[in-house]
Amino acid sequence: MTKIQVKTWAFCLFAAGALAACSPREVQTGDLNVIPQPQEIAEVADASPFVIRSSTKICYPEGNEKLERTARLLATYIKDVTGAEVKTTTEAAGNNCIALGIDPAIAQKDGYVLDITADRVTLNGSTEAGVFYGAQTIHKALPITGGKAAGALPAGTVKDFPRYGYRGFMIDVC
């Protein structure tokens with residue numbers, strides 16, 4: 001072997017080792033059975049999960065400040081739990097995207113529908129508050145990996161809405 005071939009092989013081995021060291025070795029999939037229990041959960045056992053990577057984007061409609069705040073909050077949750085830094089954008093990215101939106105067809109006030117496939121997560125709420133509650137479900141469903149493994153959401157659909165017209169009631173029993 002010539003000196004150039006040895007250098008080329010050494011560089012290729014170094015590059016392959018560096019890439020292998022930087023990528024997570026495994027994928028941990030979370031669970032959609034969170035507390036409080038959503039109204040409907042339909043997991044697809046055979047389907048591949050949605051893996052959150054640093055290239056994942058959180059998309060929201062342009063001009064909606066509340067959904068922008070929810071997108072930034074969800075990005076913070078994802079970083080805290082999985083270690084992956086995701087970006088927020090108003091561009092409607094195709095795959096590898098968590099898309100937030102408002103759907104007036106959802107009948108229940110503050111309800112949401114969370115649809116998870118291997119390529120995309122779609123979170124639609126009847127109001128911005130519904131989208132916020134759906135983001136909380138995503139946060140609770142993610143596995144805590146701390147950056148040691150890639151976090152993933154199982155494929156399926158979650159439909160949820162408040163059971164009562166109020167969120168909480170406290171009475172001082174003294």
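Let's start with strand 7, residues 112-116: Y112, L114 and I116 make up its covered face, while V113 and D115 are on the uncovered one. Quick housekeeping: this is a predicted model, where local features need pLDDT of at least 70 and side-chain atom pairs count only at pLDDT 80 or more, though totals for chains, interfaces and linings use all residues. Residues are numbered from 1 along each chain as its sequence is written, and side-chain values use heavy atoms, with hydrogens and water left out.

When I say strand or helix, I mean DSSP runs, numbered from the N terminus: E of at least two residues for strands, H or I of at least four for helices. Two strands pair if DSSP finds at least two bridges between them.

So who sits beside strand 7? Strand 8, residues 120-125, pairs with strand 7 in the antiparallel sense over 5 bridges, and the two form a hairpin with 3 residues between them. L114 stands opposite L123 in strand 8. Strand 10, residues 156-160, also pairs antiparallel with strand 7, again over 5 bridges. I116 has a bridge partner in each: V121 in strand 8 and G156 in strand 10.

Zooming out, we get an open sheet of 7 strands, ordered 2-10-7-8-6-4-5, with mixed pairing. Strand 2 (40-43) and strand 5 (87-89) are at the edges with a single partner strand each, so one side of each has no neighbour in the sheet.

There's also an open sheet of 3 strands, order 1-9-3, mixed pairing too. In that one, strand 1 runs parallel to strand 9 (residues 150-153), joined by 3 bridges, and V27 has A150 as its bridge partner.

Now the packing. A nonpolar core here is a set of buried Ala, Val, Leu, Ile, Met, Phe, Trp, Tyr and Cys residues joined through side-chain atoms within 4.5 Å, with buried meaning under 20% relative accessible area (1.4 Å probe, protein chains only). The largest one has 29 residues, and I58, I98 and I138 touch the most other members. Helix 2 (65-82) gives the most, 7 residues. Leaving aside neighbours within four places in sequence, I58 is in contact (heavy atoms within 4.5 Å) with residues including A71, L74, I78 and I98.

Which strands does helix 3 lie across? Strand 6, strand 7 and strand 8, which brings us back to where we started.

Terms used:
Buried means under 20% relative accessible area, exposed over 50%, partly exposed in between (1.4 Å probe, protein chains only). Axes are lines fitted to C-alpha atoms, for helices over the stretch in contact, and angles run from 0 to 180 degrees between N-to-C directions.
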